[in-house]
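Here are some notes for a first look at this model. Please read them with the structure open.

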Amino acid sequence: MILSNISILNYKNITSAQLDLSPKMNCLIGHNGAGKTNFLDAVYYLSFCKSAFNPSDTQLVTHGSEFFVLEGRYDDEKGDRTEVFAGVKKGSKKRFKKDGKEYTRLSQHIGLIPLIMISPADTVLIEGGSEHRRKLMDIVISQYDPEYIESLSRYNKALQQRNALLKLEEEPDESLMNILEEQMAAEGEKVYAARDAFVKKLMPVFQDIYDEISGKGERVSLAYTSHCQRGPLLDVIRRDRFKDRAVGYSLHGVHRDDLEMLIDDYSMKVEGSQGQHKTFVLALKLSQFNFLRHTSSSTCPILLLDDIFDKLDAGRVEKIVNIVSGEGYGQIFVTDTNRDHLDKILEGTSYNYKLFGVNGGEITEMEHGNV
């Protein structure tokens with residue numbers, strides 16, 4: 001899928017922008033805080049109906065404004081065009097449309113425009129809590145498996161209701177508790193099966209891409225852990241209901257799943273250097289891109305690279321550029337603070353690209369020698 005044109009109005013610090021984009025490479029240059037990441041986040045929003053960084057839609061509206069509007073015009077591999085509209089007004093319901101028709105449920109849109117974003121914030125996948133690693137799996141699986149979104153949504157709803165019962169002063173209704181636990185178990189086992197299959201298929205691709213970037217210096221792996229591995233999930237959930245009542249929330253279920261990140265069979269968080277951390281998450285995200293590209297969606301994902309070349313040696317930068325400029329990669333957006341750095345990365349490339357300068361939320365196309 002190619003984003004050929006984007007219109008942005010009052011999104012974060014971008015008050016107004018209308019850009020025609022390259023079908024291959026789009027580079028945004030500007031100082032930190034200029035609005036480069038905000039632009040990428042607008043592209044992300046059009047794919048996922050939400051920001052990559054802020055769960056509050058109203059906080060995305062430019063200060064002093066009451067609304068934001070995003071519009072994207074996409075062309076697929078067959079040449080068919082799709083128009084996507086997103087609008088948020090303070091105090092009103094979010095509006096999301098495809099070709100002028102509003103969605104009844106936002107989940108219907110997920111997967112239409114597959115996308116992978118790589119940013120410095122991704123180190124939280126290694127250094128942060130398990131919720132970040134579950135989100136990583138959920139974002140990718142949701143883009144090719146619509147049933148997964150529904151199962152995850154039903155599971156989370158039952159989980160919230162069960163937690164509300166667990167917090168009650170009086171003893172919760174036994175029959176209602178049983179129903180909620182059965183719902184959690186049924187939907188949770190579907191979620192587990194999808195996550196388990198995804199991790200197993202991702203692993204060989206991940207190792208290959210890591211080897212390509214790092215030069216085969218070490219072996220990396222992923223280990224998916226879940227309470228579903230202890231037996232039937234319903235039995236696992238019910239086994240410690242007394243403890244759940246004591247703490248006031250559910251201790252067991254797929255909401256506690258984790259994805260261990262390992263280097264030479266040791267914890268990457270404990271043993272890995274800063275450079276290894278960055279290479280690990282880069283390879284992990286690129287392997288997810290590769291995975292999405294080969295799913296039934298039959299459309300090449302958009303790739304967003306936000307300031308990823310900082311603190312990487314020239315050799316690794318060159319390898320990453322060689323990977324993403326090869327066959328199988330479609331439209332790419334890259335941000336950097338240094339035009340000389342970006343020109344060096346792009347020199348000698350034969351494919352089409354555009355350069356944009358970003359300053360105080362204003363985005364202007366710049367001239368360059370390769371059009």
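1. Helix 3 and helix 5 are roughly perpendicular to each other (angles of 65 to 115 degrees count as such; under 35 is roughly parallel, over 145 roughly antiparallel and the rest oblique). Their axes cross at roughly 90° and come within 10 Å. Helix 3 covers residues 130-142, and helix 5 covers residues 174-214. Axes here are lines fitted to C-alpha atoms, for helices over the stretch in contact, and angles run from 0 to 180 degrees between N-to-C directions. Helices (H or I, at least four residues) and strands (E, at least two) are DSSP runs, numbered from the N terminus.

2. Before going on, note that this is a predicted model, in which local features need pLDDT of at least 70 and side-chain atom pairs count only at pLDDT 80 or more, while totals for chains, interfaces and linings use all residues. Residues are numbered from 1 along each chain as its sequence is written, and side-chain values use heavy atoms, with hydrogens and water left out.

3. Which residues make the contact between helix 3 and helix 5? Helix 3 supplies Arg134, Met137, Asp138, Val140 and Ile141. Helix 5 supplies Ala194, Arg195, Phe198 and Val199. Contact means heavy atoms within 4.5 Å. The residues of this contact divide into 6 nonpolar, 3 charged and no polar. Nonpolar covers Ala, Val, Leu, Ile, Met, Phe, Trp, Tyr, Cys and Pro; charged covers Asp, Glu, Lys and Arg; the others, Gly among them, are polar.

4. Helix 3 has 13 residues, which should span 18 Å at 1.5 Å a residue. Its end C-alpha atoms are 18 Å apart, in agreement. The expected span is 1.5 Å times one less than the number of residues. Buried residues of helix 3 include Arg133, Arg134, Leu136 and Met137. Asp138, Val140, Ile141 and Ser142 are buried in helix 3 as well. Buried means under 20% relative accessible area, exposed over 50%, and partly exposed in between (1.4 Å probe, protein chains only).

5. Gly248 sits in the loop between helix 7 and strand 10. Is Gly248 buried or exposed? Gly248 counts as buried, at 8% relative accessibility. Gly248 touches Asn163, Leu166 and Lys167, leaving aside residues up to four places away in sequence. Gly248 and Asn163 are 85 residues apart along the chain, yet their C-alpha atoms are separated by 6.6 Å.

6. Helix 9 (residues 274-293) is mostly covered. Of its 20 residues, 17 are buried. The helix should span 28 Å, and its end C-alpha atoms are 29 Å apart, which agrees.

7. Ile363 is part of strand 15 (residues 362-366). Ile363 counts as buried, with 12% relative accessibility. Leaving aside residues up to four places away in sequence, its contacts include Ile14, Ala17, Leu19, Leu28 and Phe39. Phe356, Gly357 and Val358 also touch Ile363. Ser16 is 347 residues from Ile363 in sequence, but 8.7 Å away in space, C-alpha to C-alpha.

8. Lys78 lies in the loop between strand 4 (67-75) and strand 5 (81-89). Lys78 is exposed, at 75% relative accessible area. Lys78 and Met177 are 99 residues apart in sequence and 50 Å apart in space, C-alpha to C-alpha.

9. Check two backbone angles. Asn10 is not a glycine, but has a positive phi of about 60°. Asn10 lies in strand 1 (residues 2-11) and is buried, at 10% relative accessible area. Asp264 also has a positive phi, near 50°. Asp264 lies in the loop between strand 10 (258-263) and strand 11 (266-267). Asp264 is partly exposed, at 36%.

10. How many disulfides does the structure hold? There are 0 disulfides (a disulfide is a pair of cysteine sulfur atoms within 2.5 Å). For Cys27, the nearest cysteine sulfur is that of Cys300, 17 Å away. Cys27 is buried, with a relative accessible area of 1%. Cys228 also counts as buried, at 12%.
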